[in-house]
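Dear colleague,

Please find the structure below, together with its sequence. I would be grateful if you could read the notes that follow with the structure open.

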Amino acid sequence: MPDNNKDYKEYKNILKKRLNEKRYIHSLCVADEAVRLAEMYGADKEKAYLAGLLHDITKNTSAEEHLNIFNTFGIILNDVEKNAHKLWHAISGAAYVKHILMIDDEEIIDAIRYHTTAKADMSLLSKVLYLADYTSADRDYSDVEVIREKVNKSLDEAFIYALKYSITDLAENGKALHIDTVNAYNETILKGKEK
């Protein structure tokens, strides 16, 4: 469990060794944005910072190291995951944080695990991290300003917009949709209709 007096120097040093400079800066930006969103929406700021800091810890990892992590910790990839290497870092990253860094907070591990695909029944912390990754200061893509505007008004509105953006982007590029993303989208749409 992170404590308020910790400056996370140890984790930052690990990140500096594991990530390239761009990804390291991104990790710091996501951590800051996660804290901002946590304050805004009532999530735990310490957990948000740590999840944001560590969410991409295996992003610059070789395929060999990813596979080693999967094998070591008994992780079996589904067909979509096997063919979408961009998803590997969330899966291996969660395992790395849990088993190698020995962080035993399941909420943080879950947020890291699903920060790329999302899933149904996400915790507030998981949604905060998912959206912080979309809206961090270093991000620059076509709809980033739209999502930033939405996240400042409504977490749920921003979440559904981000899911639509992700699904559309994958479909337009002929890529498979992860079932977790589809489930997150369906759940959010159906909950919206109940209101």
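Predicted model: local features only at pLDDT ≥ 70, side-chain atom pairs only at ≥ 80, totals over all residues.

Residues are numbered from 1 along each chain as its sequence is written, and side-chain values use heavy atoms, with hydrogens and water left out.

The core

The largest nonpolar core holds 47 residues, of which Leu54, Tyr130 and Leu131 touch the most other members. A nonpolar core is here a set of buried Ala, Val, Leu, Ile, Met, Phe, Trp, Tyr and Cys residues joined through side-chain atoms within 4.5 Å. Buried stands for under 20% relative accessible area, exposed for over 50%, and partly exposed for values in between (1.4 Å probe, protein chains only). Two or more residues of this core come from each of α1 (9-18), α2 (21-41), α3 (45-54), α6 (88-100), α7 (106-113), α8 (124-135), α9 (144-151) and α10 (155-172). Helices (H or I, at least four residues) and strands (E, at least two) are DSSP runs, numbered from the N terminus.

Leucine 131 has contacts with Leu37, Val151, Leu155, Ala158, Phe159 and Ala162, leaving aside its neighbours within four places in sequence. Contact means heavy atoms within 4.5 Å.

Packing of α3

The axes of α3 and α8 are 10 Å apart and form an angle of about 45°, which means that α3 is oblique to α8. Axes are lines fitted to C-alpha atoms, for helices over the stretch in contact, and angles run from 0 to 180 degrees between N-to-C directions. Angles under 35 degrees count as roughly parallel, over 145 as roughly antiparallel, 65 to 115 as roughly perpendicular, and the rest as oblique. On the α3 side, the contact with α8 is made by Lys47, Ala48, Ala51 and Gly52, and on the α8 side by Leu125, Val128 and Leu129. By class, this contact of α3 with α8 has five nonpolar residues, one polar and one charged. Ala, Val, Leu, Ile, Met, Phe, Trp, Tyr, Cys and Pro count as nonpolar, Asp, Glu, Lys and Arg as charged, and the others, Gly among them, as polar.

For α3 and α7, the angle is about 40° and the axes are 9 Å apart, so α3 is oblique to α7. Lys47, Leu50, Ala51 and Leu54 of α3 meet Glu107, Ile108, Ala111 and Ile112 of α7. The residues of the contact of α3 with α7 comprise six nonpolar, no polar and two charged.

Individual residues

Serine 92 lies in helix α6 and is buried, its relative accessible area being 0%. Beyond residues up to four places away in sequence, serine 92 touches Thr58, His66, Ile69 and Phe70.

Alanine 137 sits in the loop between α8 and α9 and is exposed, with a relative accessible area of 67%. Not counting residues up to four places away in sequence, alanine 137 touches Cys29 and Arg148.

Methionine 102, in the loop between α6 and α7, has a phi near 60°, a positive value in a residue other than glycine. Methionine 102 is exposed, at 61% relative accessible area. Aspartate 121, in the loop between α7 and α8, likewise has a phi near 60°, and counts as exposed at 62% relative accessibility.

With kind regards
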